[in-house]
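I went through the side chains and wrote down what I looked up.

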Amino acid sequence: MFGYHHIEKTMDEYIREIADLALSTQTLIILDTNILAYLYKLHEAARQEFFAWSDAIVLGERLAIPAWAASEYLSRVTRKNLESYTPKSKEPAQIKKSLDNLHQTAALFVDDDILRKTSFQGDRLTYINGFRAAIEELEKHLGVFKHQFDAGTIHQQIQDHLSTCILDSDLSSLCSRAAHEGAARFEHRMPPGFKDGNKDENPFGDLIIWYEILEKASAASAQFPRVLFVTNDEKSDWVYAPKM
């Protein structure tokens, strides 16, 4: 109950332990909502590699998706907002604009005296022209972010491969329970999910998923004595990382 200051194993040993846990036929694997979202950022071959893995787990009836995670995903579908999961981003255009502004600023104040104080080899004109060439070269690589995957195709793949894994949880009763217990848990910083107390929307989402994990783990404990929860978050209000 006092926790651990350090773990007596290397990073490689720890990752191997997690991998062995995932491979074990006695392990129930539960996916967070953001794992579904992550599939929209993978290229086709990587997605197919994921589905080849998940299909094998599904065949062993040991893959589960919380009903709350499915509900969060469904809200994107009904709002026609699946594209928000894709890599398309305004950030590259903002980066390009920032670099253009820096180039203009540099053209005003950079001179040979300043360059001699840095590691740059060359005169002012070489620097200004090189800076512009670097921005134009970078723009070639940023162009891919103007495009996005076909969200409908990825959605269909998720539906085809993972729809049978959604837990049959009573979300209504779990929402009521979370509303009844959540505020006190947040106030006393009880994991999981206590940092979500200030969220305007779905503050009890992590807590509801936790309830679902406990219910499923209890019901399936004879067949699956181990549970592995896979998430793309650093959930510091679920677990903690030892100092060393």
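I started with R177 and E181, which sit four residues apart in helix α9 (residues 171-187) and are therefore separated by about one helical turn. Helices here are DSSP runs of H or I with at least four residues, strands are runs of E with at least two, and both are numbered from the N terminus. R177 and E181 form a salt bridge, with the closest N and O atoms 3.3 Å apart. I take a salt bridge to be a side-chain nitrogen of Lys or Arg within 4 Å of a carboxyl oxygen of Asp or Glu.

I note that this is a predicted model, in which local features need pLDDT of at least 70 and side-chain atom pairs count only at pLDDT 80 or more, while totals for chains, interfaces and linings use all residues. Residues are numbered from 1 along each chain as its sequence is written, and side-chain values use heavy atoms, with hydrogens and water left out.

Next I looked up accessibility for the α9 pair. R177 is partly exposed at 36% relative accessibility, and E181 is partly exposed at 27%. The classes are buried (under 20% relative accessible area), exposed (over 50%) and partly exposed (in between), with a 1.4 Å probe and protein chains only.

How many salt bridges does the structure hold? I find nine in the structure. Side chains of opposite charge can pair when their charged atoms come close.

One of the salt bridges joins the side chains of R132 and D100 at 3.2 Å, N to O. R132 lies in helix α7 (residues 124-142) and D100 in helix α5 (residues 91-109), so this pair ties together parts that are 32 residues apart in sequence. Is D100 buried or exposed? D100 is buried, at 16% relative accessible area, whereas R132 counts as partly exposed at 26%. I also logged a network of salt bridges that links K96, D100 and R132.

I then checked K117 and D113, whose side chains meet in a salt bridge at 3.7 Å, N to O. K117 is exposed, with 69% relative accessible area, and D113 is partly exposed, with 37%.

I7, M11, Y14, I15 and I18 make a nonpolar patch of about 460 Å². Patches take residues with over 30% relative accessible area and no salt bridge, joining like charges within 9 Å and nonpolar side chains (Val, Leu, Ile, Met, Phe, Trp, Tyr) within 5 Å. Accessible areas come from the Shrake-Rupley method with a 1.4 Å probe, and for residues only the protein chains shown count as cover. I7 lies in the segment before α1 (11-23) and is partly exposed at 38% relative accessibility.
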